[in-house]
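Visitor: I would like to learn how to read a few features from a set of coordinates. Could we take them one at a time?

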Amino acid sequence: MGTAIRTPGSRDDEPEVPLPVGEFDQRVELVMRTPVRKRDRLLATALCEQQGWAIRPAVEGEDPGCPDELASLIVEVRLAGSRWGAESGARQRLLEVVGRKVAVTVAGGALVSAPPLEPMLTWRVFKDPGWRHRRGFGRLASLWVHSGLADVQRTIGASPTVEEAEIRERLGGQRLGGFEFSETCHGVRKSMGPRVSDAEEGRHAWWHGRPGVALRLMAALLLMIYGWILYDRSPVGRLAMVLLAAVAAWFVGDLVTGNQPRPRLLRWAAGAFLVGGAMSPGYVWHQQNHHGVGTQISAVLLTYLCLVLLWVVPRGCWFAVRQTWITRHAVGLLTVLVLPLPWLLPFVGSFLQFLYLEDTFGVPADAVSVPVYWTGACALLPTLACTGLLLPPVALYGWSRRFHWVWERRLVSFVSVCMAVMLLVVGGYAFMERTVNVADRAADDVANAMTPHHYFGIQGNRVCVRPLADGLSVQNGPLPTVRPLLTFSTDGEVMYLWDLVRHREPGGPDPVISVRSEEVSTYAVDDGENRCPAWER
């Protein structure tokens, strides 16, 4: 059963509040009806307190329609996630915890909303510059103070309606951290921010709400487009647009720093920082990208889509594993997942190298010596990519938990598992196809008299072959000596050679020729050469 606490100064008739057993974001009060038998009520209470939920008897007016044969209790369910769907999620969670052991019904519920708090304005204490009263230094001292360079790391919060004289009086009577406020040595200033809004009491200023966020994002997007247009203008046009942006910076700076009179240079600098910062991405993007307008717009949209995915997928994965056995046993789980990697990576890498050598060229993979680290590196990218393909289904399940889609959890879980399996199969097939395509490009390089590109420790070389003696033992002979052949290794006892001409002949002999390394000599061929020089016996 969870530990209970009582707030200081609380009355004896107030219920004890159990300590929460985990993190929570939302609080939902539910009206739970149980049988009037004492043991049922005690069991229901114990089950709720074990989860860290507060429970108390319902008072008059909270459950007016409760029958006499049932007892009414108010349970404060604490759960993680969004406020959207929290009431349904709390109802389902309560029935899962208590309803399986006690016959209970939920007669109603409501999301617990905290009353709006009075906005708080932060005042900062600064050390009064002794040289501010010298002739010609007044404006410089004001700029020094309002830019925060004279702050002494002492703050106090108060309502926006409190005057500066009262703030000084409060600081003079407050002792915090050994700091003593002196009227002669210290001064106070408001933290930089917008001027106080004329919004109705109990409502936030427009720039703190969702409309303000949407307007700020729209303004930033328009300024980025403005910077994009600025790059193509003539010098005179650029000058005119920069002057217009400088004028706009003055009004922006006055808006964001208007809660107190400040130096004009500081207000303009704050606005110029915001306006210039919003314009610079568009200007730099146009400067570095000389494609058409449609291509650039597509690239911008793709960039925003990638940023959205980088925000949605990791958060969804965190929501999926938050407060689950995965986070509770993360160390042991990581150990179990990491231990098979020394065996899994070489297996996958050997399979891809086998696919590269034997599927396209017919050369046995065992005949080519490849360092073990290249075998692991060959499998690293497919393993990471397939792991990355698992993240979107996990994120889908996590967002379903975030919004308490409990009535669709089985469906979402089934869809997530099917999507994960499908993506793993598609990812594995895509990397197998990619390996075959790389091998085909290597064959095309040989056809164009070029050395094939390196593939994770496998390097093909075009060589000319000369027999050292008569009676040469050749498998799939005869051995061509007038044209270059492709080999991937010359170190073993048996050398395997791949002939492009035989490969192009449908129904012809096997293009792979094997000879003993001690019976022939080889030398590399430069790129562009298609014939081997004649040799004398």
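Visitor: Which residue is the bridge partner of Arg33 in S6?

Guide: Note at the outset that this is a predicted model. As a general idea, strands of a sheet pair through backbone hydrogen bonds, either parallel or antiparallel. Here the partner of Arg33 is Thr105 in S6. That bridge belongs to the pairing of strand S3 (residues 26-35) with S6, which is antiparallel and has 6 bridges.

Visitor: What is the strand order in the open sheet of 4 strands?

Guide: The order is S4-S5-S3-S6, and the pairing is antiparallel. Strand S4 (54-57) and strand S6 (105-111) are at the edges; each has a single partner strand, so one side of each has no neighbour in the sheet. On average, neighbouring strands of this sheet are turned by 20° against each other, with direction ignored.

Visitor: Which strands does helix H1 lie across?

Guide: Helix H1 (residues 38-50) lies across S3, S4 and strand S5 (70-79). Its direction is at about 160° to S3.

Visitor: Now hairpins. How many residues lie between S12 and S13?

Guide: There are 6 residues between the two strands of this hairpin. Strand S12 (residues 485-487) and strand S13 (residues 494-498) run antiparallel and are joined by 2 bridges. Thr487 is opposite Leu497 in S13. S13 also pairs with strand S14 (residues 512-516), in the antiparallel sense and over 5 bridges. In that pairing Met495 is opposite Val515.

Visitor: Where does H12 bend?

Guide: The bend is at Leu380 and amounts to about 25°. A proline, Pro382, follows within four residues. Just after H12, His404 has a positive phi of about 60°.

Visitor: How many disulfides does the structure hold?

Guide: A disulfide is a covalent bond between the sulfur atoms of two cysteines. The structure holds 1. Its members are Cys464 and Cys532, with sulfur atoms 1.9 Å apart. The pair links distant parts of the chain, 68 residues apart: Cys464 is in strand S10 (residues 461-467), and Cys532 is in the segment after strand S15 (520-524).

Visitor: Is this disulfide of Cys464 and Cys532 left-handed or right-handed?

Guide: The torsion about the S-S bond is about -90°, so the disulfide is left-handed. Cys464 and Cys532 are both buried.

Visitor: Is Leu301 buried or exposed?

Guide: The cut-off for exposed is over 50% relative accessible area. Leu301 has 56%, so Leu301 is exposed. Leu301 lies in helix H8 (residues 293-321). Between Leu301 and Arg139 there are two separations to read: 162 residues in sequence, and 46 Å in space, C-alpha to C-alpha.

Note on methods
Residues numbered from 1 in each chain as written. Predicted model: local features only at pLDDT ≥ 70, side-chain atom pairs only at ≥ 80, totals over all residues. Heavy atoms only, no water. Bend = angle between axes of the 7 residues up to and from the residue. Pairing = 2+ DSSP bridges. Disulfide = S-S within 2.5 Å. Buried < 20%, exposed > 50% of the residue type's maximum accessible area, 1.4 Å probe, protein only. Axes fitted to C-alpha atoms, helices over the stretch in contact; angles between N-to-C directions. Contact = heavy atoms within 4.5 Å.
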